[in-house]
Amino acid sequence: MSSGILWPMEDTVSGAWSPAGSPVYDFLYSSLSNRCGIEDILCYASCPASVGGNGMTIKVQPTTDPGSHCCHYLQFFSRLSTSDNITLRYNLSGLGINDKLFPLDKTLNLSTTEWVTTTYELTASEAAQIEDYTDIHLFFENQSAILGGTNIYIGLAYFYIESQCPGQKVTFTVPTGDVTLGDWATSPLYSKINSGIIGGTSNLSDFIDTIASPSTPFEVHLSGGPDASSDECHVLRYVASLDAYYGSENVDLDIGLYDGTTLIKEETKTLTSVSWVTGEMILSASEAANITNYQNLRVRGSGSDSAGGNTPRIAEIEFQYPFAVDLTQQDFPSAYLHFV
């Protein structure tokens, strides 16, 4: 089974949400595609807090029925333009959902100008309400009516299905140390690529790159975590692009997961532009079974030769797998969990 992010693709109802004259949905996914020249989240949909009860509905990309009611997530990033107290309602809707409005119907109290990440995992009974995976919509509504010029911002929103992990929770590990620099930028490398992807908030303004073509490999150590509860649902993700684009030359980025010095799996991704793309290297059960020490996992990367001078850059690396240990009783400061 596969996993993936369903990005906004169409305005159903935009209401008082702006930018006026532009598709609102275009501002709820573009932060990850470098559309706005990323520094933090510069693209966002906005609604005046004075317009209480005004909602917007955004259709996400269609997908096939995953065959499981597990591991369905709604995630979005929000903040206020000025400090205040606002209630934001969020939900799912669509003709493919019973009663057209989803039963989760949650609210979030916003009071800060800092970006707040909200991740909600649907229960199995809630996910069972989805009848048509080609017609899922995100719903946001300002519940307040407060004068004074405050605006609600939503900077990124999507629906995520991880159907590889029925009945399981997953943890994420990120780089916490350099093993080998190769000819990639300057030390430290790990701190530039450890903000997370699905398990965190990507920071695309900080990255590692190399001017060598081909490049000698770098290697980073991942944060230690508990042993996996199964051999399923092991995914290495990375966000990468070309550092510059000269002519029509592409670059192959080689990424490998290692248990110490033992290669677990390696793949090559062809980079074709300066726009950031997310790669997913999914381990088979037999490949994941070869991991013997989750405290000693490493990621190694290098770029191929390019006659035109193009070189790769990497903004994030993240490794996901299922766990069975009660982490509230243990100390894994650099591993983080994917549930609310």
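Reader: Why is R237 called buried?

Author: R237 has a relative accessible area of 1%. Buried means under 20%, exposed means over 50%, and partly exposed lies in between (1.4 Å probe, protein chains only). The value of 1% is under 20%, so R237 counts as buried. This is a predicted model, in which local features need pLDDT of at least 70 and side-chain atom pairs count only at pLDDT 80 or more, while totals for chains, interfaces and linings use all residues. Residues are numbered from 1 along each chain as its sequence is written, and side-chain values use heavy atoms, with hydrogens and water left out.

Reader: What makes the contact of R237 with E318 a salt bridge?

Author: In a salt bridge, a side-chain nitrogen of Lys or Arg is within 4 Å of a carboxyl oxygen of Asp or Glu. The closest N and O atoms of R237 and E318 are 3.6 Å apart, so the pair meets that limit. R237 lies in strand β15 (residues 235-242) and E318 in strand β20 (residues 312-323), and these distant parts of the chain are 81 residues apart.

Reader: How many salt bridges does a search of the whole structure find?

Author: The search finds seven. One of them joins R300 to E219, with the closest N and O atoms 2.7 Å apart. R300 is in strand β19 (residues 297-303) and E219 is in strand β14 (residues 218-222), so this bridge ties together parts that lie 81 residues apart in sequence. E219, R298 and R300 are linked in a network of salt bridges.

Reader: Which strands form a sheet with β17, and in what order?

Author: The order is β12-β14-β19-β16-β17, an open sheet of five strands with antiparallel pairing. β12 (175-180) and β17 (262-271) are its edge strands, each pairing on one side only. On average, neighbouring strands here are turned by 25 degrees against each other, direction ignored. For such angles, axes are lines fitted to C-alpha atoms, for helices over the stretch in contact, and the angles run from 0 to 180 degrees between N-to-C directions.

Reader: What makes β16 and β17 a pair?

Author: Two strands pair if DSSP finds at least two bridges between them. Strand β16 (residues 251-259) and β17 have nine, in the antiparallel sense, so they qualify. Y258 has L263 in β17 as its bridge partner.

Reader: Why are β2 and β7 called edge strands?

Author: They belong to another open sheet of five strands, β2-β4-β9-β6-β7, with antiparallel pairing. β2 (8-13) and β7 (106-110) each have a single partner strand, so one side of each has no neighbour in the sheet. Inside this sheet, β4 (residues 54-60) and β9 (residues 137-142) pair in the antiparallel sense over six bridges. T57 stands opposite F139 in β9.

Reader: What makes up the largest nonpolar core?

Author: A nonpolar core is a set of buried Ala, Val, Leu, Ile, Met, Phe, Trp, Tyr and Cys residues joined through side-chain atoms within 4.5 Å. The largest one has 30 residues, and those with the most contacts inside it are W17, L88, L138, F140 and F159. Elements that give two or more residues include β3 (45-48), β5 (72-80), β6 (86-93) and β10 (151-162). β10 gives the most, with five. Apart from this core lies another, of 28 residues, among them L189, L236, V299 and F319.

Reader: How do you know that S241 makes a polar contact with R313?

Author: A polar contact is a pair of N or O atoms within 3.5 Å; within protein, one must be able to donate a hydrogen and the other to accept it, and residues adjacent in sequence count only if both atoms are side-chain atoms. The side chains of S241 and R313 are in polar contact at 2.6 Å, so the distance is within the limit. S241 lies in strand β15 and is buried, with a relative accessible area of 0%.

Conventions: Helix = DSSP H or I, 4+ residues; strand = E, 2+ residues; numbered from the N terminus.
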